[in-house]
Amino acid sequence: MISVIDLLKLPSMKEGYIAAGGSGIYHVIRRFEILEETYPSVVRFLDEGTFYVTSFWNLADDKESRVHLIEAMIEHGCAGIGIMPGGYLNNEIDREILQLGNEYDFPIFYIPLSVRWGDLVAEYSVISNNNIEAMERRWLELALGIF
């Protein structure tokens, strides 16, 4: 299983950090997705256990929708969110979003502007595949041990 804290071990996240919701860093990640859909239409796609990354380019001028989106993520049991505020949010994550993260143990990562989405996805895929292969090996060893 991959936990939210494991994302900080990714090479591209070397300058990233947990901005809020640190008590939720052991949430298990079932999926990892880039989120650049508008609120509220995106709510129907929110899944439990999914960790999202976003720059909020589409909500740059709509703070209220950004906050409501985080509330919806918490309600849907999402694993957390990584926000790249450098490009569209004057390099700041909204105070209200940080408060929600801390109040509900919902991890919120600060992602530096230097990070490329493709690098994050590729690096996550590597640790995800390694994790699956390790689980398969354990199951195989268990099965062989039974015989």
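**Exercise 1. Is arginine 66 buried or exposed, and what is its relative accessible area?**

*Solution.* Arginine 66 is buried, with a relative accessible area of 5%; the classes are buried under 20% relative accessible area, exposed over 50% and partly exposed in between, for a 1.4 Å probe and protein chains only. The model is predicted, so local features need pLDDT of at least 70 and side-chain atom pairs count only at pLDDT 80 or more, while totals for chains, interfaces and linings use all residues. Residues are numbered from 1 along each chain as its sequence is written, and side-chain values use heavy atoms, with hydrogens and water left out.

**Exercise 2. Identify the salt-bridge partner of arginine 66 and locate both residues.**

*Solution.* 
- Step 1. The term salt bridge denotes a side-chain nitrogen of Lys or Arg within 4 Å of a carboxyl oxygen of Asp or Glu.
- Step 2. The partner of arginine 66 is aspartate 94, with 2.7 Å between the closest N and O atoms.
- Step 3. This pair links distant parts of the chain, 28 residues apart: arginine 66 belongs to helix α1 (residues 63-75), and aspartate 94 to the loop between β6 (80-83) and α2 (95-103). Helices (H or I, at least four residues) and strands (E, at least two) are DSSP runs numbered from the N terminus.
- Step 4. Aspartate 94 is buried as well, with a relative accessible area of 11%.

**Exercise 3. Examine the backbone at proline 40, phenylalanine 56 and aspartate 105.**

*Solution.* 
- Step 1. The peptide bond from tyrosine 39 to proline 40 is cis, and its omega is near 10°. Proline 40 lies in the loop between β4 (31-34) and β5 (50-54).
- Step 2. Phenylalanine 56, a residue other than glycine, has a positive phi near 60°. This phenylalanine 56 is placed in the loop between β5 and α1 and is buried at 1% relative accessibility.
- Step 3. Aspartate 105 is not a glycine either, yet its phi is positive, at about 50°. The loop between α2 and β7 (108-110) holds aspartate 105, which is partly exposed at 33% relative accessibility.

**Exercise 4. Which residues have the most contacts inside the largest nonpolar core, and which elements contribute to this core?**

*Solution.* 
- Step 1. A nonpolar core is a set of buried Ala, Val, Leu, Ile, Met, Phe, Trp, Tyr and Cys residues joined through side-chain atoms within 4.5 Å.
- Step 2. The largest such core has 22 residues, and Phe56, Met73 and Ile81 have the most contacts inside it.
- Step 3. Two or more residues come from each of α1, β6, α2 and β7; the largest share, 5 residues, is from α1.
- Step 4. Beyond neighbours within four places in sequence, methionine 73 is in contact (heavy atoms within 4.5 Å) with residues including Leu35, Tyr52, Ile81 and Phe106.
- Step 5. A separate core of 17 residues includes Ile29, Phe51, Met84 and Leu120.
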